[in-house]
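Take a moment with the sequence and the model. Then follow the paragraphs from the annotated parts down to one residue.

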Amino acid sequence: MATGRTHRPATRSRGIPEATVARLPLYLRALTALSERSVPTVSSEELAAAAGVNSAKLRKDFSYLGSYGTRGVGYDVEYLVYQISRELGLTQDWPVVIVGIGNLGAALANYGGFASRGFRVAALIDADPAMAGKPVAGIPVQHSDDLERIIQDNGVSIGVIATPAGAAQAVCDRLVAAGVTSILNFAPTVLSVPDGVDVRKVDLSIELQILAFHEQRKAGEEAAAGGAQATAARSESADQGPDGDVPAVMPA
Ligand SMILES: NC(=O)c1ccc[n+]([C@@H]2O[C@H](COP(=O)([O-])OP(=O)(O)OC[C@H]3O[C@@H](n4cnc5c(N)ncnc54)[C@H](O)[C@@H]3O)[C@@H](O)[C@H]2O)c1
């Protein structure tokens, strides 16, 4: 779902291309589902289909991890889950803060998928004094005046911004100054960050706009195909005379 780019070179220091890193979570999600069903091994084709990736690309990606699978057997599911988790840094616990506990921030706080993937929501922060102390997903909301202390007390390096767009840059600056080096931004604005800080942007409306583009193109193609069929039918009926009963598409 993340649509932004990280401020990183195309290849990470350990030689894994950024495009491969971006696909690792897709493999991990598919592998986790297989693991939950106690499936012991999986072929590259099956896993590629489950992850929505081309199988040659998958094999290339796994070669960067030093994982080649066994011919005729495939990949060991549990081992691959471990390898990818380790590569993504998910074998350690990542405390995360969410800033802006409105509709979206509260939904994110309530999302169980973070904890199951190694991300612990350490604190919820909002600027509204009326929210201070109120629990959301069992965690009391803290006032943004205390943002720096909260980041430091919890050793937080990942911050999630779910404030209105107008507040996001100032929140981002404070998070970075307090020591946060990775930001997941849901606010519809481009954030400026210093070197060494990664920003990923999530924007569902951009995803919908891309789908709208494809829908429009499909509709255009259907209309063009319909027009071509109508033209073909017209020319066939002209060939057959006024009461021609031959179907427009002849069997081969
Ligand atoms: N990325 C997406 O796909 C997506 C989807 C929905 C909403 N959004 C965006 O997420 C943001 C939040 O949306 P929402 O519907 O939850 O809004 P909301 O108005 O319900 O919540 C915003 C919260 O941010 C708090 N806030 C404002 N300024 C702050 C500051 N300086 N520090 C800390 N907290 C602050 C407010 O008190 C409020 O509780 C908006 O920018 C919205 O456009 C993005």
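UniProt, in an unreviewed entry, places the feature "domain: CoA-binding" at residues 89–190. UniProt positions follow the numbering used here, feature names are shortened, and annotations may be inferred rather than shown by experiment. This is a predicted model: local features need pLDDT of at least 70, side-chain atom pairs count only at pLDDT 80 or more, and totals for chains, interfaces and linings use all residues. Residues are numbered from 1 along each chain as its sequence is written.

Residues 89–190 are 32% helix and 28% strand. Helices (H or I, at least four residues) and strands (E, at least two) are DSSP runs, numbered from the N terminus. The end C-alpha atoms of this span lie 26 Å apart.

The domain assignment, which is automatic or from a database, gives domain 1 (18–87), domain 2 (94–202) and domain 3 (211–235). The C-alpha centres of domain 1 and domain 2 lie 31 Å apart.

Last, look at Y75 in strand β2 (residues 75–76). Is Y75 buried or exposed? Y75 is buried because 25 other C-beta atoms lie within 10 Å; the cut-off for buried is 20 or more, with C-beta atoms placed from the backbone. Y75 and S44 are 31 residues apart in sequence, yet 7.3 Å apart in space, C-alpha to C-alpha.

Terms used
A residue is buried if 20 or more other C-beta atoms lie within 10 Å of its own, exposed if 12 or fewer, and partly exposed in between; C-beta atoms are placed from the backbone.
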